[in-house]
Amino acid sequence: MAKVDLIVPDIGNFDDVDVIEILANVGDTVAIDDPILTLESDKASMDVPADKAGTITEILVKIGDKIKEGDVYARIDMSAVDEPSVEAPKADAPVAAKEAPQAAPAPVSAAAEVIELRVPDIGNFDEVDVIEVLASAGDRVELDQPLLTLESDKASMDVPAEKTGVIESIVVNVGDKIKEGDLIGTLKVEGAAPAVVAQSAPAQVQVASEAAAPARTESIASATGVFKAPHPADPIPEAPHMPEPAANVDISTAHASPSVRAFARELGADLNQVKGSGRKGRILRDDVTLYIKNVLSGKTQLAGAAAPQGASYGGGLDLLPWPKVDFAKFGEIEETPLSRIKKISGANLARNWAMIPHVAQFDEADITSLEALRKQLNKEFEREGARLTILAFLVKACVKALQKFPEFNSSLDGDKLILKKYYHIGFAADTPNGLVVPVIRDCDKKGVIEIAAEMRELAGLARDGKLKPDQMQGGTFTISSLGGIGGTNFIPIINAPEVAILGVSRNETKPVWNGKEFEPRLMLPLSLSYDHRVIDGALGARFIVYLNALLTDMRRALI
Ligand code: CAO
């Protein structure tokens, strides 16, 4: 397939708009709807998404250029992409940008200067989801300050205040579906009753001055919510500023395009804490990424740390700053640098623990028969040098449970769930330099002997620091076994982007009531951590109960 042009789509009633960000580089492979440019007029900022998938071969515009509908802004090589998927789904599909929603004429109440806030013309959408409510009763808002963020399957857009004043009521909630003309709430217009407004406006609400606030009304054709790694070629922005002490800033004042807002929402980053390095202080993707990095490394103090007691920003992690202690004051110390593996795994574990709502579910499996089978097989295969530990059976049992409960073999991608049809099981391996997770591929197609042999080989490579990156990639579920060491139960941290992990502790012979008497049974403690965004408690319990039944009687795996 030949190279094709990417053309500026219908961007509403704008003749020439500024290119303020270029979000892709030559050589990047982009999918349909990936944002390529951000444009800004005096009224709106908007992302221009690719309407074809492929590899970018040329970018024909630069920041500061003025462009209009029909201009060719890039060329794309579609040859690497399968024919059916390269074209946009419909010929008339996504209008790339529309004019900022115009405020609908608001009926003014005769008695007081209170106006109804209604959903303005939002284009060809019947009903759209409310994904953010940015103002609440008592808030003072300025003209054009966003009140709501709406999201259809094609676009996200902010609904701005049509007058300056104090919000009296907001009647919509996140998750509601609304359409043009629907009531959002009421606003007491500033100027009409100044004394009342001054009283009811909370003093702590900061509204950016007109001079400082860039155009805040934004609309785009596509808000996929899909993460994209920041482009390495983009300039590295300055470190984000520290949050203002006790500044209860209104979140809507952050200057960022819808795609950056969606990105920040996915990462749980409070945009008010992020310093924008773009034009007019606009927040770029890289700014959000850098902010998160700095938070995880402890370089940036989160908002709640500086807030007075009881005050919370809600959007950030609200953690106290890391304690700074002069340990040498209390006795002899020795400093050792963290290994490279510890630094990498530590950052990953901290992110996963902070960002994934973990639920831990415990159980004990009766593995008396399985242990007998393991010992017998070890004898039978002694000559071949096979050595089976319980872990190989656990891998097999987990694959069976993953097949029965596919949500456990998935990953979250924005608001989509990716269900994987392959079963690559990772296992945590303890090495002198720290924790690594080698991955055994296609465990559904391998027997326990093969799995055990591969595990031994990978664990050996891990201990010698010789694992290749691809031997640690592609895992769909992880098992962390501390059974060889001891302990009763522990809560393993999910290995993102997986959604669950099984922890295994040391088995123990315990008296178990069989209905008539106590019997000595070999019991294996299991700890399952799962991502509660993906898996409900009932499903978590069903998974571990099923896994338990398999381990108690592996013949069930044949069913
Ligand atoms: N209960 C009782 N004994 C157990 C057991 C259990 N649940 N699991 C293993 N054992 C026994 C094995 O049978 C073996 O006994 P023998 O020496 O008599 O044969 C012994 O403990 C040592 O097993 P192993 O550790 O060599 O083998 P494994 O297959 O159980 O585990 C590996 C392999 C690589 C996972 C393991 O060596 C390891 O590194 N574990 C640590 C994982 C870890 O650090 N997890 C924490 C992650 S979160 O920080």
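Lys445 is exposed, with a relative accessible area of 64% (exposed means over 50%, buried under 20% and partly exposed in between, with a 1.4 Å probe and protein chains only). The side chain of Lys445 meets that of Asp442 in a salt bridge, at 3.9 Å from N to O (a salt bridge being a side-chain nitrogen of Lys or Arg within 4 Å of a carboxyl oxygen of Asp or Glu). Asp442 is partly exposed, its relative accessible area being 26%. The model is predicted, and local features need pLDDT of at least 70, side-chain atom pairs count only at pLDDT 80 or more, and totals for chains, interfaces and linings use all residues. Residues are numbered from 1 along each chain as its sequence is written, and side-chain values use heavy atoms, with hydrogens and water left out.

A search of the whole structure gives 21 salt bridges. One of them joins Arg140 and Glu190, with an N to O distance of 2.6 Å. Arg140 belongs to strand β11 (residues 140–141) and Glu190 to the loop between β16 (183–189) and α2 (194–200), so this pair ties together parts that are 50 residues apart in sequence. Helices (H or I, at least four residues) and strands (E, at least two) are DSSP runs, numbered from the N terminus. Arg140 is partly exposed at 22% relative accessible area, and Glu190 is partly exposed at 33%.

A further salt bridge links Arg374 with Glu371, the closest N and O atoms being 2.9 Å apart. These two residues are three apart in helix α7 (residues 368–380), and are therefore separated by about one helical turn. An α-helix has 3.6 residues a turn, so residues three or four places apart point the same way. Arg374 is buried at 17% relative accessibility, and Glu371 is buried at 12%. Asp5, Glu58 and Arg75 are linked in a network of salt bridges.

Helix α9 comprises 16 residues (448–463), which should span 22 Å at 1.5 Å a residue; the C-alpha atoms at its ends are 22 Å apart, in agreement with that value. The expected span is 1.5 Å times one less than the number of residues in the helix. Buried positions in α9 are Val448, Ile451, Ala452, Met455, Leu458, Ala459, Gly460 and Ala462. The buried residues of α9 pack against helix α8 (390–404) and against the strands β20 (425–427), β21 (429–431), β22 (434–436) and β23 (439–440), where contact means heavy atoms within 4.5 Å. Gly465 follows α9 and has a positive phi, near 70 degrees.
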